[in-house]
Amino acid sequence: MTTVIHKPISQLKITWPLLPDDFILPDDPVENIEHPLISNGLRQSVVDSPELMQDALIVSNFALCAAVDDRTICKAPDWMYVQPVQPWPHNYPRRSYTPHTEGTVPFVVMEFLSATYGDEYSVEHTEEIGKWFFYEQVIKVPRYVIFRPHTGRIEVYALESERYDNQNPDENGRYLIPGLNLLLGVWQGTREGRTGYWLRWWTEGGELLLWPEERAENERQRAENERQRGDRQQQDKELAETLLEQERQRNQELLARLAALGIDPE
């Protein structure tokens, strides 16, 4: 019998080379049409925040790369936020991101689980590299989020003492994500034909970051309220003018009656 000796985690060689141009990324089919909708919703609610968009990489199903013992390893989180990222110097699209070489470590990565899921919890690292191990021990992402869209369950893990520790939500069921300085929570409703649970952002003061259509609806409602206020002001002005004219007519009629009686009002 052959004894297999696994190298301790502390002895793994982790480096940060750029992804070779000829590296073939896995082209797995999207298994759930809901996941892109959830990812897009997370991004669209921060696009109006310049401080969150500047020099940031906000992507979904995008290759996050490192080398482990000289093996290029890439994982594609369902959602990832990195800031700052070095400007992309080429005229063709970026297809991967390597921390330390191209910018900082992501503030947060997220995985959205289907009814059946893969290696989101895997700490395997001897042959295959599991996602959990990759995010925790290789990239060392400060926050790892696992979300089940079909039940609305959310798990947020913080890197503490080099291990992920499950976090407790605040009294509103939300989690602070350092770096973005936003609260992440679950919202239930309908958008783009999908009714169910969504991940959304709130400010630390409790204000929900709106989607573009919600901002447009708020602006429409604000404009409508402003129009109605203007209409009320115009109506009040016209009423005041009518009352003033009625008072003027009454005064004229009174003067005419006094004059007919030979009374000088002066």
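Visitor: In which order do the three strands of the open sheet lie, and how are they paired?
Guide: The order is β11-β12-β13, with antiparallel pairing; strands (E, at least two residues) and helices (H or I, at least four) are DSSP runs numbered from the N terminus, and two strands pair if DSSP finds at least two bridges between them. This is a predicted model, in which local features need pLDDT of at least 70, side-chain atom pairs count only at pLDDT 80 or more, and totals for chains, interfaces and linings use all residues. Residues are numbered from 1 along each chain as its sequence is written, and side-chain values use heavy atoms, leaving out hydrogens and water.

Visitor: Which strands are at the edges?
Guide: β11 (175–177) and β13 (194–202) are the edge strands, each pairing on one side only. On average, neighbouring strands of this sheet are turned by 45° against each other, direction ignored.

Visitor: How many bridges join β11 to β12?
Guide: Three bridges join these antiparallel strands. Leu-176 has Leu-183 in β12 as its bridge partner.

Visitor: What does helix α1 touch?
Guide: Helix α1 (residues 34–44) packs on the sheet and touches β12 and β13. Its direction makes about 30° with that of β13.

Visitor: Now Arg-191: where is it placed?
Guide: Arg-191 belongs to strand β12 (residues 182–191).

Visitor: Is Arg-191 buried or exposed?
Guide: Arg-191 counts as buried because its relative accessibility is 4%, where buried means under 20% (1.4 Å probe, protein chains only).

Visitor: Which residues is it in contact with?
Guide: Leaving aside neighbours within four places in sequence, Arg-191 is in contact (heavy atoms within 4.5 Å) with Gly-41, Gln-44, Trp-198, Trp-211, Pro-212 and Glu-213.

Definitions and conventions
Buried < 20%, exposed > 50% of the residue type's maximum accessible area, 1.4 Å probe, protein only. Axes fitted to C-alpha atoms, helices over the stretch in contact; angles between N-to-C directions.
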